[in-house]
Amino acid sequence: MKVEKTDFLIVGSGIAGLSLALKLKDFGEVVILTKKRKFETATSLAQGGIACVMGEDDSFDLHIQDTLIAGDGLCDRKIVELVVRSAPERIAELLSLGVNFDRDPDDPRKFHLGLEGGHSRRRILHVGDYTGRAIENVLIERVVASSNIRLLEHHFVADLLLSETGEGRRLVSGVLAFDLLHGEPKIYLADFVALCTGGAGKVYLYTSNPDTATGDGIALAARANCRIANMEFFQFHPTCLYHPKAKNFLISEALRGEGAILLNPEGKPFMHRYDPVRKELAPRDIVTRAIDFELKKTGGECVYLDITHLPSDYIKKRFPYIYETCLKYGIDITTQPIPVVPAAHYLCGGVYTNEYGQTDILNLFAVGECAYTGLHGANRLASNSLLEGLVFAHQASLKIKELYPQLKGRVPPPRINEPKIEDIKDEKIFISHNWDLIRKIMWDFVGIVRSIKMLEFAQKRLNLLIEEISANWGGFYLDLDVMELKNIAIVAELIVRSAISRKESRGTHYLLDYPEKREDFLKPTILLLNGFSI
Ligand SMILES: Cc1cc2nc3c(=O)[nH]c(=O)nc-3n(C[C@H](O)[C@H](O)[C@H](O)COP(=O)(O)OP(=O)(O)OC[C@H]3O[C@@H](n4cnc5c(N)ncnc54)[C@H](O)[C@@H]3O)c2cc1C
């Protein structure tokens, strides 16, 4: 098997991975491995923008407060303060790299700031309604231009290679990766490894996430016996386009920020009955549950988001991407309400990390959506996640630079240096069927509104599936579908186990049997892998 050595190995090419690479490039050689094409990330799909205190009427305290309220008692205040207070510095870096956030048309010295649910002030920096793509493009340009960074596409990271120091301390020595274009396994050894693998929306049947979001980083860390936290808190975005041909297209929260109204299948507004003050701008969990109740009550298939009160020219200028995309599906958003449904959107939990993005293994980091940092608590405040990726890429770079002199060239070789690769013997239909089963189980029984009966049902089904996967596809396969199937199975099991253990309703986790919040659950849910090996 080919073996390569680098200083810093980064898994993933979204905002977290690319930013971290740019921060480390002057200290050593960086390799970024990414499993599809470089821009196939959740980052590229982000529309609304990135939160940062900028307005004259705004303050750090207000942003902190809004984040804590959305997080519903489970945020780590120290982390919230760190992220909010360092936002202006991180945004200044993005500007200096060349991201051109939209300016206020009335005063071009200032930025145009969007408003989103849960924010008490306008503080969302954006580039039209394609902010993520604009950021991703600039970061990729910079990474590609750097002689000290190698970005390898179609490289799937299948496993972490672990070692131990003489004093019994666990370290990561590198990764086992599959070059999917050439069908070749490779080993990358490194002094530091950072998981920047994004979210896990693909565990659900309906999701706004890209195909890459299969929770790989969480599964990799869990297999390495790292702690995983708050997996029960999966945020469902209230408004994804409902159209047979649209694959999970998001209708940004920023439309509601500009006054769009939600209408039930009978064409009547309903948010005032669920949150009389904030209405459409209530946090996402409240809006999502309201839609879920309205759909169940009326038997309708979708609700509608109506922004037709705004002048047509303004809509086209402010939301060009959403306008064009909806028009492609025959919906003119300047004259017609948009059919929408909720979909799995953002995983608030992930690999347990400290304020430097460090996991339970000294030289293994997790940054971005795959990490649990304590920022989001039980529910993420809109537009805080791109910011989290930026801030923790910076934080991780600080710790890596601090540890580098001590670890450089001193990480022992991995315990297993030649993992065995198996051949697929069965027809691929077994794989795709199990994929569908997991996603359907999760959607039907571990969705927006849960009950213990539903969760236990899901758990039984998942455990059976995991046994079967373990018996049939236990080892390593040079096949993305098989490897990702194992990862979504691990992540689904962690979500269900966490959900069962939290006997209360808080943030995005709503349990019919326990509809109230409970004082004894004011702490994150922390789990390890359940003893199985897949
Ligand atoms: C439709 C949509 C709209 C959003 N809008 C906003 C918004 O307006 N504001 C906001 O703050 N947040 C928004 N979010 C959330 C935000 O985009 C994500 O949380 C953030 O971009 C995650 O960045 P990341 O770098 O952690 O992961 P990603 O950008 O998803 O990148 C993950 C990378 O890891 C790679 N990868 C994964 N597994 C492996 C593996 N095993 N081997 C190799 N590579 C691997 C992937 O291929 C990908 O390159 C939105 C999300 C979606 C889906």
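Tutor: The largest cavity has a volume of about 50 Å³, where a cavity is a set of points, on a 1 Å grid over the protein atoms alone, at which a 1.4 Å probe fits but cannot get out, and a volume is the space filled by probe spheres set on the points, which are joined across faces, edges and corners. This is a predicted model, in which local features need pLDDT of at least 70 and side-chain atom pairs count only at pLDDT 80 or more, while totals for chains, interfaces and linings use all residues. Residues are numbered from 1 along each chain as its sequence is written, and side-chain values use heavy atoms, with hydrogens and water left out.

The lining of the largest cavity, meaning residues with an atom within 4 Å of a point, consists of Phe-234, Phe-236, Asp-285, Thr-288, Arg-289, Ile-448 and Thr-508. Two elements, strand E13 (234–241) and helix H9 (284–298), each give two or more residues to this lining, and H9 gives the most, with 3 residues; helices (H or I, at least four residues) and strands (E, at least two) are DSSP runs numbered from the N terminus.

Around the second largest cavity lie Ala-70, Gly-117, Gly-118, Glu-253, Pro-283, Arg-284, Asn-379, Arg-380, Leu-381 and Ala-382.

Note on methods:
On a 1 Å grid over the protein atoms alone, a cavity is a set of points where a 1.4 Å probe fits but cannot get out, and a pocket is an open set with protein on both sides within 12 Å along at least five of seven lines; lining residues have an atom within 4 Å of a point.
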